[in-house]
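Open the model in your viewer and keep the selection tool ready.

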Amino acid sequence: MTTYAILFLILIFNVILKIPYINIPIDRDYGIYGYHALFWLRGDKKPYVDTQENHPPGRWLLYALLLKFFPQSRKIFRISNLFFLIATNILVFLITAHLFGITIGLVSAGCFAILSSLPIFVWTQSSDEVQQILFSSLAVLLVLTVSETTVGLYYVIGIISFLTVFYKQSAYVNTFPLIGCLLLIENTSLLSYFLLGVGVLTGYSFAFLFFKYQEIPTKIYKLIFVLDLSAAKSIVSWLKYKNNNEQNTDSDKCYQDSEGGPPSNNADTNKTSDSNSKSDFWAHKLNVAFINQTFFFLNLCMIALVYSIFGSNEISKIYPVILWLVFCFGTIWLNKHRMPIHFIPLLPPLAILSGYGVINGLTWVENTMGIQATLTGFIIAVGLTVFYMKNEVIDNVNLEKKGRGHMYFHDQEWEFSTVGERVGKYLAQITSADDQIYVWGSEHEIYYWACRSSPTHTLFCPRSGVSYSPDPVGMEKDIIKKLKLQIPKYIVITALLDENQMFSEFLAENYSMHRKMYGEIEIHRRKDLQQGDQVVTVSVQKPLVSIIILTWNALDYTRQCIESIRVNTNHPHEIIFVDNASNDGTREYLNELVKNNDNYYLIANNENRGFAAGNNQGMSIAKGKYILLLNNDVLVPEGWLERLVRCAEMDSSIGLVGPLTNQISGLQMIANVTYSNPDDSYEYARRIAQAHKQKYTPRRRLAGFAMMINRKLYEQIDGLDESFGSGNYEDDDYCLRAAEAGYKIMVAEDVFIHHFGSVSFSANQLDYSNAINHNYEIFKGKWPQIDVKWLMEKEQTVVELNDQLSHAGELALNNHQIDEAIEIYQRILKTNPIDIRALYGLGIGQQLKENFDLALNYFTMVAEIIPEYGSVHTSIAVIHAHYENYDQAVTSLNRAIELEPNNIDTKVYLAKVLLANDQAELGIYMLKAVLKDDPQHIDGLNQMGLLLLSLGRGPKARKYFDIVLQLDPADKLAMETLARINSNETV
């Protein structure tokens, strides 16, 4: 009884460890199988006929069963896999207890609970490997426990062995040979082999009959289960292609074969190589993460192996587990698998060996080396595990929670994994049931939630750096051919188009931008369609940025800077170099750059004109909407310029924008960055971009190492003050002049730029401290009234001050001091024109003053800055309802409810608007759900009564008003309405 109690606690522990992951988006396979299941249930598609699927049918059949009995939900798929893992956990205990005893069995069960909950595995546990390991473990258990009296179990083992391959083809390597070897070890009879074979054939026969029933061609059945020579050759060819594709760039070769000539330049090759390098980088990261996160358990397995060989006579007992590991590793090697899902089959044998190592292995080590040495080694192993796992676990949890799973190599695709559901639902709202859509890239979830079929019948679109076909160009042509037959109403872009010129041309010819959602996911609308009222059109044209780079020797740093710009900048830009008489080869290097790049320019000075004057020269010929002063001793990360521009475009009054960095004076510096090698700054910058996405902070000053200037500001106040000479304080001066002109200064905290720091000073052996002191005197003479501590925000930051003002504004509104509140909020906007609390507060204030147009403007600004802010959509609806624009009010309220589905007050208000818009029946339908969740919601009860009354259902309405008066006898609306009902009935 004690054993069962402990095992039960271990299983509960397993569940608790996985609860935090229940709501995390699931990987690509979830969407594909869910898509299959959904459309199969509806009768719209036949698996393997209408889509290019090559996986066994186990999982989409499981998902079809789930969708039949449960609503569409990410959560239900994860919970189903949790049940599979719990069942496998029990089997791990039973196998281990049979081999080594109950004590080791319990320890191994605990090890499995922990191993299967590590971040490297748990995010992707929608995978078919989760189902496969259950049946693999069950087959192993039965082989080990079958006896002469239960020989009929070999037939069952055969069926279970088939079920492993029914879920995953890799069972041909990691399960079928394992069962065969175990039978040899057990010295089973010919009858046992016969029964096993009949069981396997029974499984294949039922699968064949199912495929026949589904009218799926026999050749596809043979291909999936590799049942003839051509199917085997196809698998081998795929493995060879996959292996070659990892080592070489095949997309250009395919392009050459298809088009009759090589690409026009090396740009495509560089892009593909870059994509492949990203793929290899993430594959390497995942392998390292696997080793680091399982480090402790791998040590326990090594102890178990050494003990079984040198410390005991139990090597025969451990053979099955060793074989299990060998065949699982063989699968990973053969398939070139480097994704965390493909390591899942290792979990049962790793857990069994770990338990064996804990009990027997550590005891043997203690007897051999003494308790002190054993404890020391154990503590060291734990310490090393924690040390190695810490950063890997944190990184993986953060990456996976943000959608960057094992499948996605590009920003656009990470976003898709977390928002595919919302995009799909949006498309379902704006299209009719017959409207076709098409999704380029990671498409499965959008089709799934939009309840639309793919017009090309494929779930494997070409993507940059990733191909599901040895002929991706031929595949691209085939997709375009199918799309031209019936051009879909909408096309959604979830992947980069860099290497897909033919599709890009098709898109540009037939479609225009309709909307961008949640970052970089683009929705394009067919050009011949009229724009609807709810459509948000986004301009495709991006503003030009003129980057001014001043150089004075320090060639190596300049090279690194330019290379980082070339690799990581996709936004339209020009670079204007201003060289201050360099003599170390910089001038020759810049001449070569300008010669080979049409958007590069060089101003060559014969003398050093200083930092301010040199930058002014560059600004004087700049053509961009924004002018960016950039030091030559920086490294810029991917997407840096787009994010700086995005901040500047938030409001026309933003005059200066700067990034965060590792080394600078002031609040832009992040102290104690977590990298030491500058090459690692790119990964650090990526994490900063994700953590601080679209976070913009007002400041009083920016450091001039990377300062973007709005051209309107430059035209109004001109360039830098040249009296500051070689540099220092000219940036502070410029910020004060910008503020004086009424412009705002912002830091885009989602941009991190590595700064080496004062390279020109050190390279040219200048006295840095002397330059600072000299320019400080100039600055004080020009701005005697400015306290430098105030400018540097050392005593109180602008953010802290604005927070205090926001609190004061809220108090003023609560006290009905509306004019005072408006004045306070306007003070905030003088430093931060996109402060959400201030804009929303101004909207509330103007609404209370019945300045509804002004209020709507403020609310709309908030919605544009943060589209996911539910409350502001409700406020917009209130204004539309005031003007009796009920359709627009309903649209805004639906958006608010989508964002905040648990906000009952918003739902009740929607019912009120529906009543005003003569849609009472719809309001009643919605309020029923509200009152089911909260049957004592007085406003909801009143609105239900009014809706029923509007439809002439007085007796039913009376019941709701009676309930209101029971809850609140003084409710005026209920009393007055009941009196009116009674009066009408009397008459």
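A crossing of helices is called left-handed if the near helix is turned anticlockwise from the far one by less than a right angle, and right-handed if clockwise. This is a predicted model, in which local features need pLDDT of at least 70, side-chain atom pairs count only at pLDDT 80 or more, and totals for chains, interfaces and linings use all residues. Residues are numbered from 1 along each chain as its sequence is written, and side-chain values use heavy atoms, with hydrogens and water left out.

**First stop: two helices**

Select residues 295–311, helix α16, and residues 315–334, helix α17. Helices (H or I, at least four residues) and strands (E, at least two) are DSSP runs, numbered from the N terminus. The crossing of α16 and α17 is left-handed. Their axes lie 9 Å apart, at an angle of about 145°. Axes are lines fitted to C-alpha atoms, for helices over the stretch in contact, and angles run from 0 to 180 degrees between N-to-C directions.

Now show the side chains of Ala304, Leu305, Ser308 and Ile309 in α16, which meet Ile315, Ile318 and Ile322 in α17. Contact here means heavy atoms within 4.5 Å.

**Second stop: strand β13**

Select residues 744–755, strand β13. Twelve of its twelve residues are buried, so the strand is largely enclosed by the rest of the structure; buried means under 20% relative accessible area, with a 1.4 Å probe and protein chains only.

- β10 (residues 654–661) runs parallel to β13, joined by six bridges; Ile654 has Lys744 as its bridge partner.
- β11 (residues 696–698) is antiparallel to β13 over three bridges; Tyr696 is partnered with Ala748.
- β9 (residues 634–635) is antiparallel to β13, with two bridges; Val634 stands opposite His755.

Definitions and conventions
Buried means under 20% relative accessible area, exposed over 50%, partly exposed in between (1.4 Å probe, protein chains only). Two strands pair if DSSP finds at least two bridges between them.
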